[in-house]
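Have a look at the structure first, then go through the points below.

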Amino acid sequence: MAEHSPTPTTSRTDPQLPADVTDRLRTPFDAVLSDPTRLRIQAALHGLNPGGSIRFTALAKALGLSDGNLSAHLAALSEVGYVEAEETYTGKRRTRWYSATAVGRAAFDEHVAALQLIVDTARLGGS
C-alpha cells in the first residue's frame, strides 16, 4: 500500500449565516404534519373545496394506502382537530366521509409556508 503524505492544511473559517437566514431555518414545523403520510392526507383534504369531503375508500385509493394505515393516520389528524368525519348510511351500509377542518387548513398552510421558507432560503445561498 502506498503511503500518502499529509495534505497541507489551509486556514479555513466557517461562514457565518446572516441572522435573517438563521431565523428562517429555525421556523418550526407542525409536528403532526411532519409525518409524510399525514402531510399527503391533509394535502388531499386541503385540495377539496372548503366544506367538501371524500369517502374513506376513495381517499385510500387515491393515496395508495391500506385501510389500516389510513385509519391510523386519520385518527392522529382527528385527535388534533385537523380532520373531521361524517357517517352516512345507505340501508345498513356505512360510509365515512372525511374533510379538513378550518384548524387543519390553517395548520397545513402554515406548515407548507415553513417548508417553502426553508426551500427559498436554500435557493438564496446558491445564487
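Contact here means heavy atoms within 4.5 Å. With that in mind, what covers the buried residues of helix 4? The cover includes helix 2 (36-46), helix 3 (56-63), strand 2 (83-90) and strand 3. Keep in mind that this is a predicted model.

**Helix 4**
- Helix 4 runs over residues 67-79, so to speak a 13-residue stretch, and it reaches 18 Å from first C-alpha to last, close to the 18 Å expected at 1.5 Å a residue.
- Its buried residues are Leu70, His73, Leu74 and Leu77.
- These residues sit on the same side of helix 4, because they cover an arc of only 105 degrees around the axis.
- The general rule behind this kind of pattern: an α-helix has 3.6 residues a turn, so residues three or four places apart point the same way.
- On the face turned away from the buried side of helix 4, you'll find the exposed residues Gly68 and Glu79.
- Just after helix 4 comes Gly81, with a positive phi of about 85 degrees.

**Ala100**
- Ala100 belongs to strand 3, which spans residues 93-100.
- Is Ala100 buried or exposed? Ala100 counts as buried, because its relative accessible area is 10% and the cut-off is under 20%.
- Leaving out residues up to four places away in sequence, Ala100 touches Gln42, Leu45, His46, Tyr82 and Arg105.
- Ala100 and Ala85 lie 15 residues apart in sequence, with 9.0 Å between their C-alpha atoms.

How values were computed
Residues numbered from 1 in each chain as written. Predicted model: local features only at pLDDT ≥ 70, side-chain atom pairs only at ≥ 80, totals over all residues. Heavy atoms only, no water. Helix = DSSP H or I, 4+ residues; strand = E, 2+ residues; numbered from the N terminus. Buried < 20%, exposed > 50% of the residue type's maximum accessible area, 1.4 Å probe, protein only. Expected span 1.5 Å × (residues − 1). Arc of directions from axis to C-beta.
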